[in-house]
Amino acid sequence: MKRLLILIAALTFTVGLSAPYASAHTQPAAAQDDAAKKEAEAAYRSWYEAYTGKDYAKAIQLAKDYLAKFPSGERASYFQTWLASPFVLRIEFKNAATANNKEEALRIGKLIIASKDVKDEERLQYLLFLNNELIKELSANPPNYAHAADISDFSQQIITLVEADKIPTGTEPGKWNKNSVLAYYNGVLGLIEQHNKNTDKALEYYAKAAAANPAEPDYAYRCGLLHQDKYIAAQAKFEAFPEADRQAVAANKPEAKPEVKAALDEVNKEVDAIIECWARYIGITQGKPDPNGARAKIEEALKGFYQYRHNNTLDGYQQLIDKYKSGSAAPSSSQPAGTPKPPEKQ
C-alpha cells in the first residue's frame with residue numbers, strides 16, 4: 001500500500017508539471033489549505049461511516065490511508081492512538097492468526113501483551129496462545145530454537161501470572177490446573193536452558209517443574225541425564241590426577257591431597273544426584289509400558305550407580321524406588337489442558 005501511495009503521489013506530481021506554469025500560482029494558498037482540509041474531513045467521515053457500520057477492517061485501512069496522506073492532519077493524533085488501541089490490535093491479531101501469518105501475529109501479540117489497558121487475564125490468554133504456537137517449533141524435526149528468546153520470555157510471564165492465581169480469559173476454572181501449567185512452562189524453560197548448555201539453570205527449572213507435578217516422569221528423566229553429563233566431567237577431572245593420589249584419597253590415607261579429595265567428592269555428589277533423579281523416574285514409571293526399552297536401560301545404569309555408592313550391594317534399592325511410586329496415572333508432558341484460543345469478540 002505504501003508503494004502504491006508513493007506511485008500515486010508521483011503520478012499526481014507529474015500531471016501537475018504538465019499544466020500551464022501560471023496555473024500553479026493562480027490558486028491562493030488559503031484555498032489550497034481549505035481544499036486539503038475538506039479532503040481530510042471527507043476521509044474522516046468515510047472512516048466514521050465504516051466504524052459505526054462495524055466494518056472494522058475497512059475502518060482500519062481508512063485510518064492508515066488518512067495517516068499516509070495527512071500525517072499532520074487534524075485527526076492524525078486520534079488515528080495514531082486508535083490504531084494502537086487494544087481494540088484494533090485484537091482485530092489485526094485475529095486476522096494475522098487466521099491467515100497463519102505467524103510473525104505478524106507475534107508482532108501484534110507483543111503489543112497487546114505490553115498494553116497497560118489489557119487486564120492480566122486477557123494478557124495471560126494471549127501469552128498462552130502465542131507461546132504454545134511457538135513451542136511447537138521445539139518439537140520439530142530437527143528442533144527449531146529460532147524463537148527461543150520469545151518462548152523463554154513468554155513462559156516466565158505466564159509463570160508469574162499463574163503464581164498470582166490468574167486464570168486466562170475464556171477458560172473454565174474447572175478445566176484449569178494451576179500446578180500442571182506451572183510444571184509445563186518450567187519444563188519448557190528447562191529445555192531451553194538445556195539447549196543453551198546452561199546445565200545448572202536447566203536443573204533448577206526441572207526441579208521446579210517436578211515440584212509442581214511430581215507424577216510427570218520427563219522431568220526426572222532429564223534431571224538424571226544432566227547430572228550424568230556433570231558426572232562424566234567430574235570423573236574426567238578426578239581421573240586426571242596421578243593414580244597414587246587417587247588411591248590415597250580412596251583409602252582415606254593421611255597424605256591424601258585436599259584437591260584430589262574435593263574432585264572425588266564432586267564425582268560422588270553427581271552420582272548421588274543421578275540416583276535420586278532416576279530412582280524417581282523408575283518409581284513413577286514402574287508397571288507402565290516401556291516400548292523402546294528406555295526405562296530398562298536407565299534402571300540398569302541406576303543399579304550400577306547405586307551399587308557404587310552402597311558397597312556393591314542393592315540393599316535399600318527397592319525401598320528407594322517405592323518411595324517414588326505414584327498411585328495416579330502420570331500426566332503427559334504435552335501442553336496442559338485449558339489452553340485458550342484468541343478472543344472472538346471484536
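Student: Which residues are buried in helix 5 (residues 76-83)?
Tutor: A76, F79, W82 and L83 are buried in helix 5. Buried means under 20% relative accessible area, exposed means over 50%, and partly exposed is in between (1.4 Å probe, protein chains only). Before we go on: this is a predicted model, where local features need pLDDT of at least 70, side-chain atom pairs count only at pLDDT 80 or more, and totals for chains, interfaces and linings use all residues. Residues are numbered from 1 along each chain as its sequence is written, and side-chain values use heavy atoms, with hydrogens and water left out.

Student: Why is R295 called buried?
Tutor: R295 has a relative accessible area of 14%, which is under the 20% cut-off, so R295 counts as buried. R295 is found in helix 15 (residues 294-309). Leaving out residues up to four places away in sequence, R295 touches Y281, I282, T285, K288, P289 and D290; touching means heavy atoms within 4.5 Å.

Student: And what makes K54 exposed?
Tutor: K54 has a relative accessible area of 62%, which is over 50%, so K54 is exposed. K54 lies in the loop between helix 3 (29-52) and helix 4 (56-69), and its phi is near 60 degrees, a positive value in a residue other than glycine. Most residues other than glycine have a negative phi.

Student: Why are helix 7 and helix 8 called roughly antiparallel?
Tutor: The axes of helix 7 (residues 102-114) and helix 8 (residues 120-135) cross at roughly 155 degrees. Angles under 35 degrees count as roughly parallel, over 145 as roughly antiparallel, 65 to 115 as roughly perpendicular and the rest as oblique. The crossing angle is over 145, and the pair is therefore roughly antiparallel.

Student: Which residues make the contact between helix 7 and helix 8?
Tutor: Helix 7 brings K102, A105, L106, G109, K110, I112 and I113, while helix 8 brings R123, Y126, L127, L130, E133 and L134.

Technical notes: Axes are lines fitted to C-alpha atoms, for helices over the stretch in contact, and angles run from 0 to 180 degrees between N-to-C directions. Helices (H or I, at least four residues) and strands (E, at least two) are DSSP runs, numbered from the N terminus.
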